[in-house]
Amino acid sequence: SLAMSDIILTFSRAAAWPTRLDVPGLQDWLPGPPAAVRSFAAQDTVAAFAEIYVGPDSTAVDLEAVVRGANGRELYAAREPLDRARLTADGRYRYVATIPLKEFTPGRYVLKVTAAAKSRSESATRSLGFSVQ
C-alpha cells in the first residue's frame, strides 16, 4: 500500500541541454527539464522529484531525503511529515527535494529518499548515485 516512483533529477543548468518533457504536470514541480546527467558542478543546485503512492487506509507517513558522501557523512537532509491535504485524488504525493551543492567537495554521493509509515513497519526507498566535480 506504500510505494514510490523512481527519482527524477534536474539541475540549475539543465535547460542548456535539449530535453523533451513527456510527463504531464511535471514542469509544475521541477525547475527544469529532467536530466540524465549524474555529474554536477559545485555551483549547481539539484532538484529531485519522486511520487509517493499511499493506499486509502494508510497511516501518517514521514518523508526523508538524505545525501551521504562516500565516507558515509551526511551532507544534506530534509525531513517532513506527509501532509494528507497535499495528496492527489488518486492517493499520490509529489515530493521535491532541492539540494544546493555549494558545500559539496568533488566526489561521489548517494541520494536516498524514504517514505515511512508511522504506525506500521512499512516503507519505500529509492537511491540514486551522483558525483560533484
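Tutor: In this predicted model, the largest nonpolar core comprises 35 residues, and those with the most contacts inside it are I52, Y95, F104, L111 and F130. At least two residues of this core come from each of β1 (2-4), β2 (8-11), β4 (45-54), β5 (61-69), β6 (74-81), β7 (92-100), β8 (107-117) and β9 (123-132).

Let us follow F130, which, not counting residues up to four places away in sequence, touches R38, F40, V67, L101, F104, G107, R108, Y109 and L111. The whole structure holds four aromatic pairs; in one of them the ring centres of F40 and F130 are 5.9 Å apart and the planes stand at 65°, so the pair is edge-to-face. Because F40 belongs to strand β3 (residues 39-40) and F130 to strand β9, this pair ties together parts that are 90 residues apart in sequence. F40 and F130 are both buried. With Y109, by contrast, F130 forms a stacked pair, because the centres are 5.8 Å apart and the planes lie at 25°; here Y109 in strand β8 is linked to F130 in strand β9, 21 residues away. Y109 is buried, as is F130. Together F11, F40, F104, Y109 and F130 make up one aromatic cluster.

Leaving aside neighbours within four places in sequence, G107 is in contact with F130, S131 and V132, and G107 is partly exposed, at a relative accessible area of 25%.

Methods
Residues numbered from 1 in each chain as written. Predicted model: local features only at pLDDT ≥ 70, side-chain atom pairs only at ≥ 80, totals over all residues. Heavy atoms only, no water. Core = buried A, V, L, I, M, F, W, Y, C linked by side-chain atoms within 4.5 Å. Buried < 20%, exposed > 50% of the residue type's maximum accessible area, 1.4 Å probe, protein only. Helix = DSSP H or I, 4+ residues; strand = E, 2+ residues; numbered from the N terminus. Contact = heavy atoms within 4.5 Å. Phe/Tyr/Trp six-rings, centres within 6.5 Å; stacked < 30°, edge-to-face > 60°.
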